[in-house]
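Grab a viewer and a pencil. Here are a few exercises to work through on one model, each with a solution you can check as you go.

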Amino acid sequence: MIVHESRNSAFRRPFGAAETGTEVYLAAEKAGAEDMTLRLHPFTGEDTLLPMVSEGGGRFSVTVTLPETPCVLWYSFRTGDDETCVWQITVYKKAAVPDWWKDGVVYQIFPDRFYNSGAPKTGVPATRVRRNWGEEPFWDEAQMNGLWNNDYFGGDLKGIAEKLPYIAKLGVTAIYLNPIFEAHSNHRYDTGDYEKIDPMLGDTEDLKYLCNQAKKLGIGVILDGVFSHTGRDSKYFNYYGHYPTVGAYNSPDSPYYSWYQFGKDRDDYKSWWGIRLLPEIREEEPSYRDYICGENGILRRWMRCGISGWRLDVADELPDVFLDDLRRAVKSEDPDAIIIGEVWEDATTKFGFDHRRTYLLGKGLDSVMNYPFKNSVLDFVKGKPAQQAANEILSICEHYPAPAINTALNFLSTHDTERALTVIADEPANGRGREWQSGRSVTGEAYEEGMLRLRMAYAIIYTLPGVPCLYYGDEIGMQGYRDPFNRAFFCWDSHEERLRPVLAQLAQLRHSCEAFRTGELRVLRAEDGILHYQRIGKTETAEIIVNRSEHIIVEPLASGKHTEVNPMGFTIVVEENGHNHNHSYYDIQ
């Protein structure tokens with residue numbers, strides 16, 4: 001059998017993704033082999049066979065000069081009739097990423113459910129149902145009276161501004177807001193007018209005020225850009241005739257007609273994932289690209305209000321030509337602005353628009369939402385062996401370029417997923433509907449154990465490569481299955497105080513120790529319920545030991561010291577490189 005360990009520097013260096021034009025050393029071993037060949041498998045074009053040099057004892061090596069064009073390469077080794085499986089090298093062009101983001105901690109807010117300032121809501125359609133803070137979101141069609149997602153709790157931009165001191169105490173440096181533009185649902189992914197703030201949330205001056213006040217506390221504001229589709233009820237499509245404009249549905253002479261795809265008649269239009277309320281956009285259309293990405297387009301318009309970047313909804317469904325225009329617009333307006341894309345899988349192997357996606361290869365996105373980390377961490381704290389979790393985490397680190405992995409958005413909950421505490425402590429829904437999910441919450445011993453596991457999970461998320469993101473309410477143990485239960489009101493009178501100081505201290509560790517921001521990840525032990533890894537920086541090295549077991553462990557550190565880790569707890573030790581000096585020590589009981 002041919003042996004190659006892609007994460008071992010004796011077989012491959014440097015580790016992981018590599019820049020264009022650089023060299024990568026590759027080696028493999030097979031007892032008794034007289035020769036060996038490296039096979040490079042580009043996604044397009046012919047395979048390349050490279051003879052390898054014998055280093056003796058059945059070991060062979062070759063140094064490969066990577067192409068000057070960003071791409072993803074696969075490679076394998078062959079000797080005689082024996083050939084290995086395939087490994088990946090992500091070849092990327094180095095691009096600057098915002099330093100402030102790498103240093104950060106993000107707080108995600110679903111605006112309608114965070115805090116209601118009590119400011120008057122003017123210009124709001126009568127179809128919107130006003131709810132009392134504390135009620136369960138509508139989940140049954142009969143409750144919605146035929147209008148889905150039409151119940152509003154009144155959270156607004158002024159309310160977020162009022163709660164900035166609370167957010168700042170958590171060590172947050174960026175707020176990521178779900179969509180705030182005018183729309184006709186409480187989630188606002190059905191944009192009605194990109195040029196207006198939804199009247200339930202406030203107006204342009206409220207956004208400017210929020211951005212200004214946030215920046216005084218060292219916090220940037222990130223907006224959610226929904227550019228793959230609009231609402232059917234929008235000034236651009238105007239299905240219901242609610243807008244004074246001539247929409248694409250109204251006439252082929254509409255200035256927006258070319259944005260959409262119609263078939264035999266106007267009711268035969270392409271919609272996002274078949275959802276008729278969301279007609280799909282042709283992002284390649286020049287007039288649409290100019291409207292969004294032009295000199296005075298939507299991106300720049302809102303950046304001039306003080307926002308610090310964009311999170312792109314379904315970024316893997318946006319074509320490269322649109323993402324290239326978007327990046328030029330955003331970075332021209334503010335080189336330090338961040339662009340994060342929603343991608344649910346390994347973003348280096350995504351395929352779309354008839355080719356392998358290139359958005360992490362030095363153009364397009366700065367990075368992506370890190371769903372693979374979320375899945376691995378939650379599965380681990382629930383009971384999956386540490387070996388499996390470590391392998392999944394290292395796989396992403398191996399495939400992502402360093403600028404992308406250090407800026408990836410790491411999280412445990414979002415508006416699209418079940419709350420982390422529900423995943424950890426409650427029964428899986430297993431396809432059961434909203435009637436079963438309604439009103440469910442764990443209490444007693446299940447809740448107490450769930451909170452311990454949630455703390456372990458956030459300790460990992462805050463110390464892995466990437467930027468940690470806290471979904472509003474996770475810090476007070478909010479629960480809920482998927483939409484709408486994961487988008488409930490924030491319980492401001494909650495008495496759950498245990499997790500907030502932990503998260504604040506984890507944030508402070510990130511801010512004070514450079515190893516957590518750009519340090520190399522090295523797994524020292526991954527065995528059953530024990531996960532022990534290092535983040536190795538230029539001046540400091542941090543060790544994180546997570547103990548999911550039910551007994552105290554005494555774990556050796558790389559420095560030769562030992563530390564105790566409590567059951568269902570974690571320990572973090574930070575030492576200055578070369579001095580074995582204990583710079584910081586943190587333990588959860």
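The exercises below cover backbone geometry, a helix pair and the nonpolar cores.

This is a predicted model, where local features need pLDDT of at least 70, side-chain atom pairs count only at pLDDT 80 or more, and totals for chains, interfaces and linings use all residues. Residues are numbered from 1 along each chain as its sequence is written, and side-chain values use heavy atoms, with hydrogens and water left out.

**Exercise 1.** Find the cis peptide bonds that R13 and D483 take part in, and place their prolines.

*Solution.* Start at R13: a cis bond links it to P14, with omega about 5°. P14 sits in the loop between β1 (12-13) and β2 (18-19). Now go to D483, which is joined to P484 by a cis bond with omega about 10°. P484 is in the loop between β24 (467-471) and α15 (499-512). Helices here are DSSP runs of H or I with at least four residues, strands are runs of E with at least two, and both are numbered from the N terminus. For background, most peptide bonds are trans.

**Exercise 2.** Look up phi for N149 and V314, then decide: is each one buried or exposed?

*Solution.* Phi first: N149 has a positive value near 55°, and V314 a positive value near 35°. Most residues other than glycine have a negative phi. Next, location: N149 is in the loop between α2 (141-144) and β13 (151-152), while V314 is in the loop between β18 (309-312) and α8 (320-333). Last, accessibility: N149 is buried at 15% relative accessible area, and V314 is buried at 7%. Buried means under 20% (1.4 Å probe, protein chains only).

**Exercise 3.** Describe how α6 and α8 pack.

*Solution.* Take the axes, which are lines fitted to C-alpha atoms over the stretch in contact, with angles from 0 to 180 degrees between N-to-C directions. For α6 (residues 286-293) and α8, the angle is about 25° and the axes are 10 Å apart. So α6 is roughly parallel to α8 (under 35 degrees). Then list contacts, meaning heavy atoms within 4.5 Å: Y288, R289, I292 and C293 in α6 meet V321, F322, D325, L326 and A329 in α8. These contact residues split into 7 nonpolar, no polar and 2 charged.

**Exercise 4.** Which residues have the most contacts inside the largest nonpolar core?

*Solution.* A nonpolar core is a set of buried Ala, Val, Leu, Ile, Met, Phe, Trp, Tyr and Cys residues joined through side-chain atoms within 4.5 Å. The largest has 124 residues, and Y107, F227 and W310 have the most contacts inside it. Helix α14 (residues 444-463) gives this core its largest share, 10 residues. Apart from it lies another core of 20 residues, including A18, V24, F60 and W87.

Terms used: Buried < 20%, exposed > 50% of the residue type's maximum accessible area, 1.4 Å probe, protein only. Parallel < 35°, antiparallel > 145°, perpendicular 65-115°, else oblique. Nonpolar A, V, L, I, M, F, W, Y, C, P; charged D, E, K, R; others polar.
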